Amino acid sequence: MSSDKNYEQLLDDVYSNLPKRAMSGERFEMPKFEYFTEGNKTIIKNFKAVAEKIRRDPQFISKYLSKELAVPVEIKTERLILQRRLTGDILNKKLEELVLKYVMCKECKRPDTHIEESGRIRNIICESCGARAAIR
Ligand SMILES: [Zn+2]
């Protein structure tokens, strides 16, 4: 009997010592592109990694950036090559816009979502709270 109780107490201790963040998954950390310029090109080093983190198709993200920045782009293995020298932090601003628009749940502000297409309508479906919102 007493050993069971000890075990439970031990579990309680383990859980109460976990960081709050790991328990509730609060505060989504906005991913950041790491990039550099080379001649007239800008190269995003961690493009694939960011795509995986926000769980969106690399093609989708590259098209978004290409359209928003009016720059031809090309995916090369882990990287994205943009055919223009981009200065400032415009790339991460655009990434943030994309995340807010196409990834983040508007209700619970969690990024655990996927996009569902039916005909011309695209919805963001939240896997945390079940909310669905049409993308305009
Ligand atoms: Zn949600």
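## The antiparallel sheet

Strand β5 and strand β6 (residues 121–126) pair in the antiparallel sense over 6 bridges, where two strands count as paired if DSSP finds at least two bridges between them, and where strands (E, at least two residues) and helices (H or I, at least four) are DSSP runs numbered from the N terminus. Within this pairing, Glu116 has Asn123 of β6 as its bridge partner. This is a predicted model, in which local features need pLDDT of at least 70 and side-chain atom pairs count only at pLDDT 80 or more, while totals for chains, interfaces and linings use all residues. Residues are numbered from 1 along each chain as its sequence is written.

The sheet is an open one of 3 strands in the order β5-β6-β7, with antiparallel pairing. Because β5 (113–118) and β7 (132–134) each have a single partner strand, they stand at the edges, and one side of each is left without a neighbour in the sheet. From one strand to the next the twist averages 25 degrees, with angles running from 0 to 180 degrees between the N-to-C directions of axes, which are lines fitted to C-alpha atoms, for helices over the stretch in contact.

## The buried face of α3

In helix α3 (residues 47–54), the buried residues are Phe47, Val50 and Ala51; a residue is buried if 20 or more other C-beta atoms, placed from the backbone, lie within 10 Å of its own, exposed if 12 or fewer do, and partly exposed in between. Seen down the axis of α3, these buried residues fall within an arc of 100 degrees, so they line one face of the helix, the arc being that of the directions from the helix axis to the C-beta atoms.

The elements that cover the buried residues of α3 include β2 (41–44), α4 (58–69) and β4 (79–82). Just after α3, Arg55 takes a positive phi of about 55 degrees.

## An exposed loop residue

Thr87 lies in the loop between β4 and α5 (90–102), and it counts as exposed because it has 9 C-beta neighbours inside 10 Å. Although Thr87 and Phe36 are 51 residues apart in sequence, their C-alpha atoms are 9.3 Å apart in space.

## How α4 meets α5

The axes of α4 and α5 come within 11 Å and cross at roughly 120 degrees. The contact is made by Ile61, Tyr64, Leu65, Glu68 and Leu69 of α4 together with Ile90, Lys94 and Leu98 of α5, two residues being in contact if their C-beta atoms, placed from the backbone, lie within 7 Å.
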